[in-house]
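These are my notebook entries on a structure that I went through chain by chain. I wanted to see how its parts are built and where they touch.

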Amino acid sequence: MADISPRIGVRKTYKLYVGGAFPRSESGRSYPVTSPAGDHLANAALASRKDVRDAVVAARKAFPGWSGRTAYNRGQILYRIAEMMEGRRAQFAEEVAAAEGVSAARAQALVSAAVDRWVYYAGWADKIGQVLGGANPVSGPYFNLSEPEPTGVVGVFAPAGSPLLGLVSVLAPVITSGNTAVLVADERAPLPAVTLAEALATSDLPGGVANILTGRLAELAPPLAGHADVNALDLAGAGGLAAELEALAATTLKRVLRPGADDWNDADPGLSRIRPFLETKTVWHPIGR
Amino acid sequence: MEIFEYAPAPESRSIVTIRPSYDLFIDGEFVAAKSDERIVTVNPADEEPLSEVAAAGEADVDRAFTAARRAFERVWSPMPGAERGKYLFRIARIIQERARELAVLESLDNGKPIKETRDIDLPLVAAHFFYYAGWADKLAHAGFGTRPLGVAAQVIPWNFPLLMLAWKVAPALATGNTVVLKPAETTPLTALAFAEICQEAGLPPGVVNIVTGAGDTGRAVVAHPGADKVAFTGSTDVGREIARAVAGTGKRLTLELGGKGANIVYDDAAIDQAVEGIVSGIFFNQGHVCCAGSRLLVQESIAEELLAKLRARIERLRLGDPLDKNTDIGAVNSAAQLARIRELAAAGEAEGATGWSPACPLPERGYWFRPTVFTGVTQAHRIAREEIFGPVLSVLTFRTPEEAVAKANNTPYGLSAGVWTEKGSLMLWTASRLRAGVVWSNTFNVFDPASPFGGYKESGYGREGGRHGLEAYLG
Amino acid sequence: MPDTIPGSLRAYLHGLPGVDEVGVRKRAADLATRSIKTTAKRAALDLAIRMVDLTTLEGADTPGKVRALAAKAMRPDPSDATAPPVAALCVYPDMVAVAAEALAGSGVGLASVATGFPSGRTSLEVKLADTAAAVAAGATEIDMVIDRGAFLAGDHGKVFDEITAVKERCGEAHLKVILETGELVTYDNVRRASWLAMHAGADFIKTSTGKVAPAATLPVTLIMLEAVRDYRAATGRQVGVKPAGGIRTAKDAIRYLVLVKEIAGDDWLDPAWFRLGASTLLNDLLMQRTKLSTGHYSGPDYYTID
């Protein structure tokens, strides 16, 4: 008995998720992550404004391909993410329990809800056009059709206090319509976000469609909100910075979804989180011989 | 030197296990029919029997409706949409996983080429379930009611057996209805394979019930007082009969019936692609397509050039073993259908039109008909008015857009039409005047679960596919 | 001899029927699903080898490299005498003399690119001198590039006149006209350029230099095969087609043969009327050929890398 030493576990290094790869922060920094009770859980990468820049470049590069896919294909891939998450339930539940300080049963329920959220938004991908678009009865010999299109690169601030379900609830509606996202994870509980990235990376989701940064909100948010190559912001988790970020967004007239009622908590929020990140394109064409 | 000719490239049959006999699928299980009658289903490519299935009688149908009603009330309609949707997603995934097996089975039972079942039917079947799975928890956003109707009685044809099943079952289940479905008597096997898939998916018993049989079974299904909704795809004559039977009962009804689609080719069309569209319009699935472009309306100024290219293209079609991966034209589904095609083709000759077919050899056994083009056809000919449902194209000419539209609309049908022109405004002008439920421009016979499909006039009513397809199943 | 085209070239070329992109892609994708097995595959592989224009067009080409490639062109598989030689060796003009000596008496053709390949951005005098030098050094085939800038600017006459002038300098040598479809971009342009080149006297129309992406694609080749088919029907003269660049595997090559068979017809299934411009393709054809003979998959170590 005395001769048998216990096996030493192999711990995971939590990194960023940018352009389909898992880099450490270019700054070389990390920060300790603790449970609500104050126990040390792991170190997370402390992203810098240069990581923000890299993530925006990756998101922009991925946009033509992702928005150019068929809506059906996007739906299939979002559904695949749900499948991949389901297969890692135990890991997610453990991390959510540690991060939120909730019971195992509650953590299981939160993971279930997060998986179901992907399924919900997978189903929206090829239905947005028929609900929001359509022919317009203009007075004249014209065919006139309005169609929603994704706006482009969206900066997303994940809600604080719900590191998995909250994050999925704001990320999925942004990318289902064809946008690409740069997401800043919950500063105090970033670990489930990184594990989610590992599921995304094995889900046929093209690299760069979802980029996930961990670090200080106050450091990452202004460069993201002020970046001229970002088209829209979801300020769900912006907290006290929301007004400042909205003002920064005004310079390039970004579309902004303000933090509001916790509608990301709703299992059927409809298009409320999809619509803000869409443009409407209307095409006119004469009808004649 | 060896000549480069295609060698046989048959898809393996071994991927499919066909049982010698099948029971009915009721309440989640295969159960012996009370009726003693059996139906033998044959491979139309060699006339060999594949299996035999039960011909469900009224007592069997009644049992299916009882199971469907119970499942509707106790399990399926109370279930949250998100959970119903997950069953449909599962079914879609299982279909994707078993796609090759189902494609081979469909080709064996129906006679259509493996190229089509593999590349068109099965991907569309899976996509249809996937699409409607996504609607199950979003009915409030569709713009119709959100309450299911109850039990749907569904009767489907033999031309796209599994795809028509998907068109019927997926929206019904997504909206919370349960179904009693009768597949066609000559093509029951993929529906029975689908029953196994329902079991594999853990679908609650009674949500899907499949009763095999012929016309009498179909009549019993449609007439059953337990049906809240009737959905039928098939011939206009049977559709009329069903509409009469349903009249006064309060049952909701959708019908997807016959067609005599016009494919209009203007003189500025991209001619090589128009030829492709004409070929896929009429020879896809041996012409067993209700929305086939069976009337070619070509502008007189390019008729000669177009027909020369069309004949050269048809010469390249490869007719034969449906399981050969290089086969373009498979077998006609049944002896009865072959007889009908022959009769109408003979009428075409008798009425003075000129028939032409390529010199392709036909297999010795099985039901086969060469691709055929009739020129010199007028609006008065039977082959210009009646649905042939076979690989027979009737060619008419026109001089002006007005004449093209007038001829295209000069039919009691109104399911599909095609318009070929490089001029967008002329395309829209033509499309806006066509009395048809689907108008393809510079393409033909393309389908998508997001796109509504259905006819005007005697081609039926109601739409399947897309958001519009939910309406038929919601109160 | 060039044909005479009535009226303006532009009106003529724009009067050709349009091409629907979605339709042509669908047709090409459909034909790519043809399944070529057993005896058909064996015949296709040997035919494809006989159609290869084995190509080296690098700034780093040397006499040694060209001689090695010539040896491979004449006897592609040293371990199997039944493997046929390729159609031609394709080199830069300054390598023609070396190649001619190496290939002498073998029956393997000698193609030279010319006319300021690959961009063609040089004067007509230089292009003609380039051509004449290659022919004088022993080239039996000349692969010229068209002036894409002139074509896109609408100066069809300039393109036409250059082709006729080069054709005249070719003498007995066959003229392949490279359209560089990756720079013409649209299928309508490919169709128009094909007809322009054929009317100007091209013996072959060729997709690409291999220096511009995309190079040969199935839909582009399909359009060009339709063009040669329809041109013969209209004029009685048969013109060949050569896709070049990006054809790397035996599977790719067989897909091109299927296109030839089903679009242009069996008359074009001959090295005299269809070529595959490629460098690395040959080894894959040889590997697949060995696989058919032995039943085992082969590996790249068993084929020469010249």
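Before counting anything, I noted what counts as an element: helices are DSSP runs of H or I with at least four residues, strands are runs of E with at least two, and both are numbered from the N terminus. I also wrote down that this is a predicted model.

**Entry 1: chain A as a whole**

With that rule I looked up the secondary structure of chain A, which comes to nine helices and ten strands. I then asked how its radius of gyration compares with that of a compact globule: for 289 residues such a globule would have a value near 19 Å, and chain A has 20 Å, which agrees. Along the principal axes, I found that the C-alpha trace of chain A spans about 95 × 35 × 30 Å. Buried residues make up 48% of the 289 residues in this chain. When I took the contacts in chain A with a separation of 6 or more, I found that 73% of them are accounted for by residues 24 or more positions apart.

**Entry 2: where chain A meets chain B**

Next I turned to this interface, in which 24 residues of chain A are in contact with 23 residues of chain B. On the chain A side, at least two residues each are supplied by α2 (71-87), α4 (104-124), α5 (128-132) and β10 (278-286). Which element gives the largest share of that side? I found that it is α4(A), with six residues. Sorted by class, the side of chain A that touches chain B has twelve nonpolar, seven polar and five charged residues.

**Entry 3: a helix pair in chain B**

Within chain B I followed helix α2 (residues 81-97) and helix α4 (residues 114-135), whose axes come within 8 Å and cross at roughly 165°. Since angles over 145 degrees count as roughly antiparallel, that makes α2(B) roughly antiparallel to α4(B). I noted that their crossing is left-handed. The residues that make this contact include B:L88, B:F89 and B:I91 of α2(B), together with B:F129, B:F130 and B:Y132 of α4(B). By class, the contact has eleven nonpolar, three polar and no charged residues.

**Entry 4: chain C as a whole**

For chain C I counted 13 helices and eight strands. Its radius of gyration is 19 Å, close to the 19 Å that the globule rule gives for 306 residues, so chain C is as compact as a globular protein of that length. The C-alpha atoms of chain C fill a box of roughly 60 × 45 × 30 Å along the principal axes, and 55% of its 306 residues count as buried.

**Entry 5: a helix pair in chain C**

Here I looked at helix α10 (residues 187-199) and helix α11 (residues 218-235) of chain C, whose axes come within 9 Å and cross at roughly 40°. The two helices are therefore oblique to each other, and their crossing is right-handed. Among the residues that meet are C:Y187, C:V190 and C:W195 in α10(C), and C:I223, C:M224 and C:Y231 in α11(C). The contact has ten nonpolar, one polar and one charged residues.

**Entry 6: where chain C meets chain B**

Last, I checked this contact, which takes 25 residues from chain C and 21 residues from chain B. The elements of chain C that give two or more residues to it are α2 (21-31), α3 (38-51) and α12 (250-264), and α3(C) gives the most, with seven residues. I sorted the chain C side by class and found eleven nonpolar, six polar and eight charged residues.

Terms used:
Residues are numbered from 1 along each chain as its sequence is written. Chains are lettered from A and ligands numbered from 1 in the order in which they are written. This is a predicted model: local features need pLDDT of at least 70, side-chain atom pairs count only at pLDDT 80 or more; totals for chains, interfaces and linings use all residues. Axes are lines fitted to C-alpha atoms, for helices over the stretch in contact, and angles run from 0 to 180 degrees between N-to-C directions. Angles under 35 degrees count as roughly parallel, over 145 as roughly antiparallel, 65 to 115 as roughly perpendicular and the rest as oblique. A crossing is left-handed if the near helix is turned anticlockwise from the far one by less than a right angle, and right-handed if clockwise. Two residues are in contact if their C-beta atoms, placed from the backbone, lie within 7 Å. Ala, Val, Leu, Ile, Met, Phe, Trp, Tyr, Cys and Pro count as nonpolar, Asp, Glu, Lys and Arg as charged, and the others, Gly among them, as polar. The radius of gyration is taken over C-alpha atoms; the globule rule is 2.2 Å times the number of residues to the power 0.38. A residue is buried if 20 or more other C-beta atoms lie within 10 Å of its own, exposed if 12 or fewer, and partly exposed in between; C-beta atoms are placed from the backbone.
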